[in-house]
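Please look over the model below before reading my comments. They cover the core, a pocket and a charged pair.

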Amino acid sequence: MPIKQSLATLNLKLNKLQAVKWYYFENLTKLKNLQLSNNQISSIDKDSFISLTKLESLDLSFNFISELNSNLFKNNLNLVQLNLESNLISFIKYETFIGLEKLKSLNLESNQFFKFELPVLVSLTELKLGNNFIRTIKNYSHLKNMREL
């Protein structure tokens, strides 16, 4: 059965997905909430979320993701909440979050970071970096709206 194009929420948590392919969500242009947590995802194609221009919440927590393509979120300008907790990420390119001006909550807890350079995210009010190996945080002077770090 095909998924309706008008779908606003898609919950695929607790499955055995190992990858996110570019064509999985290409027709779901009205999708606002995507739940992919607790899978076995280790790779995400760079255009996987390109058609999800209305996406507000994306949960990729508790997977095996070790890297993010720097253009992965380039069309997700309405993203408010991004959860990448409990993955294997040790480095995120600065440009990965460029354009995410509505992003308020970013969860990067329980990854493999040793240092972290904060992107300029003016709307960010919550940044979770706990349970990493961070010794250095760079570029944090612009976090005027931050309520929780």
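The numbered points below take these topics in turn.

1. This is a predicted model, and the comments should be read with that in mind.

2. Core. The largest nonpolar core comprises 35 residues. Within this core, the residues with the most contacts are Leu-34, Phe-49, Leu-58 and Phe-73. In soluble globular proteins, nonpolar side chains tend to be buried together.

3. Leu-34. Leaving aside residues up to four places away in sequence, Leu-34 touches Leu-10, Phe-25, Phe-49, Leu-52, Leu-55, Ser-57, Leu-58 and Asp-59.

4. The largest pocket holds about 170 Å³ of space. Its lining consists of 10 residues, and the closest to the pocket centre are Phe-91, Ile-92, Lys-115, Phe-116 and Glu-117.

5. Pocket lining. Which strand gives the largest share of the lining? That is S8, with three residues. Strand S8 spans 115-117, and strand S10 spans 136-138; each supplies at least two lining residues. By class, the lining has five nonpolar, four charged and one polar residue.

6. Salt bridge. The structure holds one salt bridge. It joins the side chains of Glu-126 and Lys-128, with an N to O distance of 3.9 Å; the cut-off is 4 Å.

7. Exposure of that pair. Are Glu-126 and Lys-128 buried, partly exposed or exposed? Glu-126 has 22% relative accessibility, so this residue counts as partly exposed. Lys-128 is also partly exposed, because its relative accessibility is 25% and buried means under 20%.

How values were computed
Residues are numbered from 1 along each chain as its sequence is written. This is a predicted model: local features need pLDDT of at least 70, side-chain atom pairs count only at pLDDT 80 or more; totals for chains, interfaces and linings use all residues. Side-chain values use heavy atoms; hydrogens and water are left out. A nonpolar core is a set of buried Ala, Val, Leu, Ile, Met, Phe, Trp, Tyr and Cys residues joined through side-chain atoms within 4.5 Å. Buried means under 20% relative accessible area, exposed over 50%, partly exposed in between (1.4 Å probe, protein chains only). Contact means heavy atoms within 4.5 Å. On a 1 Å grid over the protein atoms alone, a cavity is a set of points where a 1.4 Å probe fits but cannot get out, and a pocket is an open set with protein on both sides within 12 Å along at least five of seven lines; lining residues have an atom within 4 Å of a point. Grid points are joined across faces, edges and corners, and a volume is the space filled by probe spheres set on the points. Helices (H or I, at least four residues) and strands (E, at least two) are DSSP runs, numbered from the N terminus. Ala, Val, Leu, Ile, Met, Phe, Trp, Tyr, Cys and Pro count as nonpolar, Asp, Glu, Lys and Arg as charged, and the others, Gly among them, as polar.
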